[in-house]
Amino acid sequence: RPGAVADVAHELAEARRRVDDSRLQMMRAYAETPQCRRQFLLAYLGEELPEPCGRCDSCWAGTAEERAADDASAPWSTGTPVRHPEFGEGTVMGYEGDDRVTVLFETHGYRTLSLDAVTDQGLLTAS
C-alpha cells in the first residue's frame with residue numbers, strides 16, 4: 001500500500017537527516033576544540049593517537065595537553081560495539097576529557113554523551 005511505503009521512505013529520510021546533522025555537529029566541534037586536532041580527527045575516525053601531534057594550531061597554542069588520552073580507566077575502548085536503549089547499536093569513537101564519550105550510532109549518527117550519565121544509569125552496554 002502506498003501509505004506504508006511513504007512512511008518507510010519518510011523514516012529513512014529522517015534517519016539520514018539525523019546522521020547528517022550529527023556529522024555537522026562533529027565538524028563544528030572540530031573547529032571549536034582546544035584539543036589536538038589530529039587526535040580529534042583520528043577519534044572521529046575511530047583511531048587513537050596517544051599523545052598530541054605537536055604540529056597543529058592547538059598544540060602550538062599549548063591547549064592540546066588538556067585532552068586526556070584513552071586509558072585503562074575508560075569503561076569502553078575505542079571501537080567497542082555498544083547498545084543504547086534509545087539510539088540503538090553504536091561504536092565508541094573516543095573520549096573528550098574525563099567526562100564525555102562519543103559514540104557513532106547506526107541510525108542516529110554521532111552523539112557525545114556524559115560519561116557519568118551513561119555509566120550511572122547503565123545507558124551503554126557492550127554488544
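Guide: A disulfide is a pair of cysteine sulfur atoms within 2.5 Å. Please keep in mind as we go on that this is a predicted model.

Visitor: How many disulfides does the structure hold?

Guide: The sulfur of C36 has its closest cysteine sulfur in C53, at 3.6 Å, which is too far for a bond. For C56 the closest cysteine sulfur is in C59, and because these two sulfurs are 3.7 Å apart, they too are too far from each other for a bond. The number of disulfides in the structure is zero.

Visitor: Is C36 buried or exposed, and what is its relative accessible area?

Guide: A residue counts as buried when its relative accessible area is under 20%. C36 falls on the buried side of that cut-off, and its relative accessible area is 0%.

Visitor: And what is the relative accessible area of C56?

Guide: The cut-off for buried is again a relative accessible area under 20%. C56 is likewise buried, with a value of 11%.

Visitor: How are helix 1 and helix 2 directed, roughly parallel or roughly antiparallel?

Guide: Helix 1 covers residues 2–32 and helix 2 covers residues 37–44, and their axes come within 10 Å of each other and cross at roughly 165°. Angles over 145 degrees count as roughly antiparallel. The direction of helix 1 relative to helix 2 is therefore roughly antiparallel.

Visitor: Which residues of helix 2 meet helix 1, and how many charged residues does the contact have?

Guide: From helix 1 the contact takes in R23, M26, M27, A29, Y30 and A31, and these meet R37, F40, L41 and Y44 in helix 2. By class, this contact of helix 1 with helix 2 has eight nonpolar residues, no polar ones, and charged residues numbering two.

Visitor: Which residues does T33 contact, leaving aside its neighbours within four places in sequence?

Guide: T33 sits in the loop between helix 1 and helix 2, and with a relative accessible area of 9% this residue is buried. Once its neighbours within four places in sequence are left aside, the residues in contact with T33 are F40 and S58.

Visitor: Which residues does S22 touch, not counting those up to four places away in sequence?

Guide: S22 belongs to helix 1, and because its relative accessibility is 0%, S22 counts as buried. Not counting residues up to four places away in sequence, S22 touches H108, G109, Y110 and R111.

Conventions: Residues are numbered from 1 along each chain as its sequence is written. This is a predicted model: local features need pLDDT of at least 70, side-chain atom pairs count only at pLDDT 80 or more; totals for chains, interfaces and linings use all residues. Side-chain values use heavy atoms; hydrogens and water are left out. Buried means under 20% relative accessible area, exposed over 50%, partly exposed in between (1.4 Å probe, protein chains only). Axes are lines fitted to C-alpha atoms, for helices over the stretch in contact, and angles run from 0 to 180 degrees between N-to-C directions. Helices (H or I, at least four residues) and strands (E, at least two) are DSSP runs, numbered from the N terminus. Angles under 35 degrees count as roughly parallel, over 145 as roughly antiparallel, 65 to 115 as roughly perpendicular and the rest as oblique. Contact means heavy atoms within 4.5 Å. Ala, Val, Leu, Ile, Met, Phe, Trp, Tyr, Cys and Pro count as nonpolar, Asp, Glu, Lys and Arg as charged, and the others, Gly among them, as polar.
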